[in-house]
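The fold comes before the individual residues.

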Amino acid sequence: MKLRIYTDGACKGNPGRGGWGAYLVFGEHTKEICGGNSLTTNNQMELQAVSEALNCLSKPTELTIITDSQYVKNGIEKWMTNWKKNGWKTAAKKPVKNKEYWLDLDEALQRHTVSWEWVKGHSGHPGNEKADDLANKGVPRY
């Protein structure tokens, strides 16, 4: 049995008030976490959701992250290695957007063995819908 973590980000305006959520599932055990920022972007919240979920684990863990964010999944699996080699610059030699969030995520990933799954958002997938609910719950209310 492997830990599964469903993550999502939400933003009311982009940029605007945003929230992140993560739903951790290990057999019968579950944990829900969420939070948010008053001025952020959807991509930043997607990244923070994964970082926060990984950082709440007390020991190195083998797990699967399930996300509806191609940005996060592709960033980890396809782009980050070259960004690091290029001094956190894109192939077009421009600074990587959301670098501080990517750095936080990269650090959090070092402690764990992570596989990635992408699911289509808002398609009725129970874990993804729960993460979406948590992300919206994390949006600051004013």
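Two strands pair if DSSP finds at least two bridges between them, and helices (H or I, at least four residues) and strands (E, at least two) are DSSP runs numbered from the N terminus. The model is predicted, so that local features need pLDDT of at least 70 and side-chain atom pairs count only at pLDDT 80 or more, whereas totals for chains, interfaces and linings use all residues. Residues are numbered from 1 along each chain as its sequence is written, and side-chain values use heavy atoms, with hydrogens and water left out.

**The sheet**

- Five strands form an open sheet with mixed pairing, in the order β3-β2-β1-β4-β5, and its edge strands, β3 (29–40) and β5 (113–118), each pair on one side only.
- The twist from one strand to the next averages 20 degrees, where axes are lines fitted to C-alpha atoms (for helices over the stretch in contact) and angles run from 0 to 180 degrees between N-to-C directions.
- Strands β1 (residues 3–13) and β2 (residues 16–26) run antiparallel and are joined by ten bridges, with threonine 7 opposite alanine 22 in β2, and a hairpin connects β1 to β2 through two residues.
- Ten bridges also pair β2 with β3 in the antiparallel sense, with glycine 16 opposite threonine 40 in β3, and in the hairpin of these strands, which has two residues between them, glycine 27 takes a positive phi near 60 degrees.
- By contrast, β1 and β4 run parallel and are joined by five bridges, and the bridge partner of arginine 4 in β4 is threonine 64.
- Eight of the eleven residues of β1 are buried, so this strand is largely enclosed by the rest of the structure; buried means under 20% relative accessible area, exposed over 50%, and partly exposed in between, with a 1.4 Å probe and protein chains only.

- Helix α2 (residues 70–85) lies across β4 (62–67) and β5, running at about 140 degrees to β5.
- Helices α2 and α3 (residues 99–109) pack at an angle of about 95 degrees, with their axes 12 Å apart, which makes α2 roughly perpendicular to α3, a label that covers 65 to 115 degrees, while angles under 35 count as roughly parallel, over 145 as roughly antiparallel and the rest as oblique.
- Residues of α2 including Tyr71, Ile76 and Trp83 meet residues of α3, among them Trp102 and Leu109, where contact means heavy atoms within 4.5 Å.
- By class, the contact of α2 with α3 has eight nonpolar, one polar and two charged residues, with Ala, Val, Leu, Ile, Met, Phe, Trp, Tyr, Cys and Pro counted as nonpolar, Asp, Glu, Lys and Arg as charged, and the others, Gly among them, as polar.
- The buried residues of α4 pack against β1, β2 and β3, and the residues buried in this helix include Gly127, Ala131, Leu134 and Gly138.

**Individual residues**

- Serine 51 has its place in helix α1 (residues 42–55) and, at 6% relative accessibility, counts as buried.
- Not counting residues up to four places away in sequence, serine 51 touches Tyr101, Asp104, Leu105 and Ala108.
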